[in-house]
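Hi everyone, thanks for coming. Let's look at this one together, and please keep the picture in view while I talk.

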Number of protein chains: 2
Amino acid sequence: MSTQEKISVSVIRRLPRYYRFLGRLKDTGVNRISSKELAVRMGLTASQIRHDLNCFGGFGQQGYGYDVPRLYDEIGNILGLSNNYNAILIGVGNLGKAVANHITFADRGFSLNAIFDKNPALVGTQINGIEVQSTDDLKEYCEAKKPQAAFLCLPYEGVEPLAEILYNAGVRAFWNFSHFDLTLKYPDIVMENVHLTDSLMTLCYRMSEQRDVL
Amino acid sequence: MSTQEKISVSVIRRLPRYYRFLGRLKDTGVNRISSKELAVRMGLTASQIRHDLNCFGGFGQQGYGYDVPRLYDEIGNILGLSNNYNAILIGVGNLGKAVANHITFADRGFSLNAIFDKNPALVGTQINGIEVQSTDDLKEYCEAKKPQAAFLCLPYEGVEPLAEILYNAGVRAFWNFSHFDLTLKYPDIVMENVHLTDSLMTLCYRMSEQRDVL
């Protein structure tokens, strides 16, 4: 779509949140909503919502509001959620289990097709219907199945050797829960980090300072 | 500290990352480092590092570099990591277990003192040495023990009734893994959100667009 070129980085970062709110509205049968109502529900201002959503073209009409299902679908398209990227998950400690069990990947652009762990006691067990394979077989799997994304639910120490295998097999996208910064070694990858302890330390800072640093 | 007033929001958001890198340097026996070296290790520019760290006063000296242990301690102080805030965790699915087992709270400003779940089969079990209590006892516990922060490892649907109990018992800080936006109802709280699926959708967008929106 032609307007997409103009969408700013900060708007993109807010898209998943709009998508969630609109999805919830849609599920409860709301077909249209004014920027004012949406602003109240999302804790934003109406003018910010109008500014953000205008980036996607004519989904809001004066006196009518936004067409909820259309806007939801359009944001999903912009996010690329129908891509069904071939993904694997590595590391099935509690965090890996939480990710594998509780996230509906198909709705977020991915198909989780394989799970790996180095612990022999876990290899062969099933997680959400997927059999856990040994990381010893990771290289062979990646060369055969060509996954596009890897979800790294590993501690810092475990990442580097596996990342090398993944990168050499062509994986260029990583959802990274470790503190290992892969982009320093592989600048051409797409990496999205989840740093739980950074978030916790930010909470601590905000409690001690009682400042809003959102 | 007097310089603290001038620290910008964006610098604060980067503090946990500096803290992690400096901690790793300290642990490997590095006592001083130049902004240039630190920049290479962190994937930043030397001038950004000088700008950020100058906010905290004279820890860098020309021709010497940064005093790693002092800067590490000072950033820890600014983050308030010695506060030892009284915290509880609610919801011990896989995510709650991962959080309770793998995060060293004491180093991040918190003491995890109680864990709750609504599932009777889990009540009485131990997680990381802490006995799981029933959410039926949450109100009484909070009134007696006055926790300052609650870690919500719950699905959307579970949050609202428990949040009301917590808020009424004086809890004003939340580490929130659900998509339930507590600040709409309680604007005076401090809330730090971890939205895993937003992060996953952003990865999808970046893969489909191959753009850098970090």
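In chain A, 54% of the 214 residues are buried, where buried means under 20% relative accessible area with a 1.4 Å probe, counting protein chains only. Before I go on: this is a predicted model, so local features need pLDDT of at least 70 and side-chain atom pairs count only at pLDDT 80 or more, while totals for chains, interfaces and linings use all residues. Residues are numbered from 1 along each chain as written, chains are lettered from A and ligands numbered from 1 in the order written, and side-chain values use heavy atoms, without hydrogens and water.

Now, chain B. Here an open sheet of seven strands runs in the order E6-E7-E5-E4-E8-E9-E10, with mixed pairing. Strands are DSSP runs of E, at least two residues, numbered from the N terminus, and two of them pair if DSSP finds at least two bridges between them. Strands E6 (126-127) and E10 (190-193) of chain B each have a single partner strand, so one side of each has no neighbour in the sheet.

How do E8 and E9 of chain B pair, in the parallel or the antiparallel sense? They pair in the parallel sense, over four bridges. B:Ala150 stands opposite B:Phe174 in E9(B).

Finally, find B:Trp175. Leaving out residues up to four places away in sequence, B:Trp175 touches residues of chain A including A:Leu196 and A:Leu200, and residues of chain B including B:Ala150 and B:Phe151. Touching, or contact, means heavy atoms within 4.5 Å. Thanks, everyone!

Conventions: Buried < 20%, exposed > 50% of the residue type's maximum accessible area, 1.4 Å probe, protein only.
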